[in-house]
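Here are a few notes to read alongside the model. Have a look at it first, then go through the points one by one.

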Amino acid sequence: MPIREWLDRTNETWAPPAARDLANPYRFLFWLTRSQARRIAWGSVLGTCWTVGLAVPPWVLSHAVDDGLVAGDTSALVGWSLVLLAAFVLNALLSIARHRTMTKVRMDASFRSVRTTVWHTSRLGASLGRRLSAGEVVTVGIADVYTVAQALTVAGPGVGAVVAYVVVAALLFAISPLLAAVVLAGVPLVGIAVGPFLQRIESTGGEYRVHQGRLTTRLVDVLAGLRVLNGLGGKTFVAERYADQSQTLVGHGYRVAGPASWVGAMSTGLPALFLAAVVWLSARMAATGAITIGDVVAVYGYVAVLVVPVAAFIEAGGDIARARVAGQRIIDLLNLPVARHDVPAPVPLPRGCGPLTDPDSGVIVRPGLLTALVAPRPAEARAVIERLGQLDADTDAAVTWAGVRVDDVARDEFRLRLVVADNDAEVFAGTVRDIVAGRLEPDDSLIQAALRVAVAEDVVEALPGGLDATVAAGGSDLSGGQRQRIRLARAVYAAPDILLALEPTSAVDANTESAMIDRLREARRDTTTVITTMSPLVLDRADEVIVLSDGKVTAVGTHTELLRGDSFYRELVSRAQDGADD
């Protein structure tokens, strides 16, 4: 294996960051650095050689002046000129290698961060939308990841800048200790000058980042609801509101750009002032005979070279300040708790379809029944479903399946035998066949049967190509009722022992709803199905109705029994019926 490939190789086995790596932004940056330590070390070596190499031409030039021009030795002048040419060529090659390596460092950090955020958001599942806006996730995955990756390129130029600074100071010390002292005092003064602006970047950058996430969320919402806006004629209003919020974000951007522009100006201006001061001092010393003309040329070259490391120090400070803000947003996402996935010693799920018990609410789902959950507030019923389906990472509820705690069961087995059909579940772009099959192998006969259960045959028949018809991302080319039926067909096709469905008929008309419930009940006769609903039509067909109030079970029975004996339930159903009639 060529040495370049060996040095450039990284560990291809990806592993998520540990909890300690997410303690703060600097620990996250260190994790990214550690993940490609060999490549970053190689980039630092190349950066050091390149930066130190910049000091070689002034040294060669000083000898060409003193040994060639001043001494009148043509052969010495030609020799030193050839050495100077070789130094330039070598440094050019080092610059190319350094840039190539640091580009790979930046890309690796970017892809590794993206993979980590995608991995964690997939673990969060349906709970992600309630904890973080879509715009925030998009901004983290694009802007913040890039900013953090950019900070890692500090490693090459940064290490090289430190070494070059020390080397130049040593060379100047050989010429004049006074000049070396001036150079060594320069960087602390630069730090004092730039420090307040870096702090300002951090403070204003955080505020800007929050508003950026909110505006991106608004953009995502507008794009998702564009068809509705077209129908309602609200595009102009929304566009004007978005423009106003964009101008607010621009204002915050200006507040970030102010100190950032000062840092950029200082990265050029301060080294130039530094160069002027040292050259003036060396010229005075040459006038007094303390140093030679060749030394003056060398001093000028050395200090001119220092412009690069000093500018690198300033730019690195700005990059790290911005990366601290962006890194905090990334680890905030990565620190969102998830439901337990890794069970040290998993126990098998019992055979059968329950019963499934939620001790927090008192809900007991009996096996083999179509059970309806009713609550005055939909959030109460949703909370029960999320606990039963192990989607809520913020609870320690001891949900059991036939007496076995489900958090002691292997996640793969649990997800295979229990499916949560969220009414807001994503419809990914693809053919109808792939969408309904989901993670399972497609079987056209079973897919057609699932579509029939969901009363979605007409949806497929209306699409050109049938099962091979392509559906847009999010099902944007389908109506709300069509998307709902496709989602239900996907859940039915999975054929779980227990199906937990959130409002699966809320977007369809009464005739379609009646057919959906009758077919679902027939298709899942020997399995367990739970539906959250307020529809009297669905409640009448349920084998058992569980009534919730303040998140607790208050009554259990059939629809008819509860209408006759529970006034609270009668009021709920009457209110839902009045809303449907309106």
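1. Start with the contacts of Met 102: leaving aside residues up to four places away in sequence, Met 102 touches Gly 43, Leu 152, Thr 153, Ala 155 and Gly 156 (contact means heavy atoms within 4.5 Å). Keep in mind that this is a predicted model, where local features need pLDDT of at least 70, side-chain atom pairs count only at pLDDT 80 or more, and totals for chains, interfaces and linings use all residues. Numbering runs from 1 along each chain as its sequence is written, and side-chain values use heavy atoms, with hydrogens and water left out.

2. Met 102 sits in helix H5, residues 74-124 (helices are DSSP runs of H or I, at least four residues, numbered from the N terminus). With a relative accessible area of 4%, Met 102 is buried (buried is under 20%, exposed over 50%, partly exposed in between, with a 1.4 Å probe and protein chains only). Trp 42 is 60 residues away along the chain, yet its C-alpha atom is 9.3 Å from that of Met 102.

3. Helix H5 also holds Val 78, which is partly exposed at 44% relative accessibility.

4. How many disulfides does the structure hold? The count is 0, taking a disulfide as a pair of cysteine sulfur atoms within 2.5 Å. Cys 49 is partly exposed at 37%, whereas Cys 353 is buried at 11%.

Conventions: Helices (H or I, at least four residues) and strands (E, at least two) are DSSP runs, numbered from the N terminus.
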